[in-house]
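Reader: I would like to learn how to read a few features of a model. Can you take me through them one at a time?

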Amino acid sequence: MVPPTNTATKRAHARRGEGQWALGYREPLNPNERSKKDDNPLNVRDRIENIYAHGGFDSIDPGDLRGRFRWYGLYTQRKPGIDGGRTATLEPEELDDEFFMLRVRVDGGALTTEQLTVIGEISQTYARDTADITDRQNIQYHWIRIEDVPTVWQKLEAVGLTTMEACGDSPRVILGSPVAGISVDEVIDGSPAIEEIKRRYVGDRAFSNLPRKFKTAISGLPDVAHEIHDIAFVGVQHPEHGPGFDLWVGGGLSTNPMIGKRLGAWVPLDEVPDVWAGVISVFRDYGYRRLRHRARIKFLVSDWGAEKFREVLETEYLKRKLIDGPGPEVPDAPRDHIGVHRQQDGKFYVGAAPIAGRVSGSTLVAAAKAAERTGSNRVRLTPQQKLVVLDVPEAEVAGLQTELARLGLHSAPSPWRRGVMACTGIEFCKLAIVETKARAAELVTELERRLADIVDDVEQPVSVHINGCPNSCARIQTADIGLKGQIVTDDNGNQVEGFQVHLGGGLGLDAGFGRKLRGHKVTATELSDYVVRVVRHYVEQRTEGERFAQ
Ligand code: SF4
């Protein structure tokens, strides 16, 4: 046997030092890994139902409260009244309120009106009428009491919904096209693959202890931000094999944003679940488990490169070669699902915009009723925090639009309402530094008032994404104007809420991350002045057809 060289030994140590299971390193290297090894996080459901729901908040084990609860979509929410300047200085227990945020996974954003009604009614009874549509097509409640969690689960599960693995180091909700199966321009309908992955693998203990979260997107259209997912299947026409999916891995945002890499492989619809299971297995076994901030699959893919990743996937996991295939067509403009559009079957879908996903349980119940009055029983949530009603007969479209508008859901919104997204922010999020949702609402009102004179000149909505901290839950880096919440110094030397500005990010044709302009910060009170200036400048100075990101 040839003895290993020094370099090879060093490399082996470096890899082993990342805590990769496949290299034999099974001892936990940080408290999160320890917690997952000590007790599979899915076991916490039993304790919630049989101990904590009866004993109340104070009976909850801290390891469950701040760790394993996430596997069931539960996070403690932020105590009211703690300003963002103190976020980083307080201990977790000082930030924890006794109420919970609860995330309901809605794979593919697909709901029946019956499910939407139940979601809304739960909110009215148990969540103080809160319900946000997230940019991952989930519904997020607030003010949930631990005592009510088992009942909420029963009600959700009675209509086929779950909060299982809505958070945690697990396979999170699968994004899918809100118009899958009805869009006249989709290459292929990805919904059967979404359903099958959910059926086979969500809650499967083989994948309940991943190095970190694992985000999936599957769509026959480039409408689900596939470039920034841990794994994505994007519809393509193969010249010989027909419609299928192009496989991407290793995208992600947060503090180290990376665009996913194409593996150059074409996957037919019925093989998507197996290939998905292969990729998540590579991540489970080879993903880095030492440092939380290096544990997403994007770091492994970046270190290995697409070629090696594909080779390991094929030889060690799939035991066969994948078929080479082409990349997806790149859209010349970002896609959302707003407005009235004809479906494949001649009916229409109506996409409507709340502001930054903020709705309420009452709004959702009323929206479900409005959809049913037209004869529809299908609605969709979108990755842009919007809501779409499917299957509307032509004669019912105008009436539905009016009813939805009365609920604050506009299907012909201003470009500002259409392009604004915001994360949870300081109202409920323990990591937040600044307010986001209310600020998005103020911003839209201001832009609608002050930019009314140029509204007809805006060909594409200018996207403004407002984030409460550097974590990028609302995709700072992919917006025309991305705003990262932080404390800034105002003209009088005071420390106030504000934003680091990123300009010119985008997906699709302009896939790339917005430039962080060093020193380019605005206070929260200057925000609308700033956005008005930037947008007016762009609209007045641009050449014909020039997009914001150019
Ligand atoms: Fe919370 Fe930050 Fe995510 Fe916003 S970006 S929801 S503030 S963690």
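Author: Start with the ligand. Its surroundings include Cys423, Thr424, Gly425, Cys429, Leu431 and Ala432. Asn467, Gly468, Cys469, Asn471, Ser472 and Cys473 are also among the residues around the ligand. A residue is near a molecule if its C-beta atom, placed from the backbone, lies within 6 Å of it.

Reader: How many residues of the shell around the ligand are nonpolar, polar and charged?

Author: Classes first. Ala, Val, Leu, Ile, Met, Phe, Trp, Tyr, Cys and Pro count as nonpolar; Asp, Glu, Lys and Arg count as charged; the others, Gly among them, count as polar. The shell around the ligand has 6 nonpolar, 6 polar and no charged residues.

Reader: What should I know about numbering and confidence?

Author: Residue numbers start from 1 along each chain, as its sequence is written. The model is predicted: local features need pLDDT of at least 70, side-chain atom pairs count only at pLDDT 80 or more, and totals for chains, interfaces and linings use all residues.

Reader: Now helix packing. At what angle do the axes of α6 and α12 cross?

Author: Helices (H or I, at least four residues) and strands (E, at least two) are DSSP runs, numbered from the N terminus. Axes are lines fitted to C-alpha atoms, for helices over the stretch in contact, and angles run from 0 to 180 degrees between N-to-C directions. Helix α6 (residues 113–126) and helix α12 (residues 361–373) cross at roughly 155°, and their axes come within 7 Å. Therefore α6 is roughly antiparallel to α12. Angles under 35 degrees count as roughly parallel, over 145 as roughly antiparallel, 65 to 115 as roughly perpendicular and the rest as oblique.

Reader: Which residues of α6 and α12 meet?

Author: Contact means that the C-beta atoms of two residues, placed from the backbone, lie within 7 Å. On the α6 side, Thr113, Leu116, Thr117, Ile119, Gly120, Glu121, Ser123 and Gln124 take part. They meet Gly361, Ser362, Leu364, Val365, Ala367, Ala368, Ala371 and Glu372 of α12. By class, the contact of α6 with α12 holds 7 nonpolar, 7 polar and 2 charged residues.

Reader: And at what angle do α9 and α11 pack?

Author: Helix α9 (residues 272–286) packs against helix α11 (residues 306–318) at about 105°, with the axes 10 Å apart. So α9 is roughly perpendicular to α11. Val275, Gly278, Val279, Ser281 and Val282 of α9 meet Val312, Leu313, Tyr317 and Leu318 of α11. The contact of α9 with α11 divides into 7 nonpolar, 2 polar and no charged residues.

Reader: Next, burial. Is Val350 buried or exposed?

Author: The rule counts C-beta atoms placed from the backbone: a residue is buried if 20 or more others lie within 10 Å of its own, exposed if 12 or fewer, and partly exposed in between. Val350 lies in strand β13. It counts as buried because it has 28 C-beta neighbours inside 10 Å. Beyond four places in sequence, Val350 touches Val340, Val388, Val389, Val392, Val397, Leu400, Gln401 and Ser411. Val350 and His410 are 60 residues apart along the chain, and their C-alpha atoms are separated by 9.7 Å.

Reader: Where is Asp345, and is Asp345 buried or exposed?

Author: Asp345 sits in the loop between β12 (339–342) and β13 (348–352). It is exposed, because 10 other C-beta atoms lie within 10 Å. From Asp345 to Asn471 is 126 residues in sequence and 41 Å in space, C-alpha to C-alpha.

Reader: What about Glu147?

Author: Glu147 is in the loop between β5 (139–144) and α7 (149–158). With 14 other C-beta atoms within 10 Å, Glu147 is partly exposed. Neighbours within four places in sequence aside, Glu147 is in contact with Ala53 and Gly56. Glu147 and Gly56 are 91 residues apart in sequence, yet 6.2 Å apart in space, C-alpha to C-alpha.
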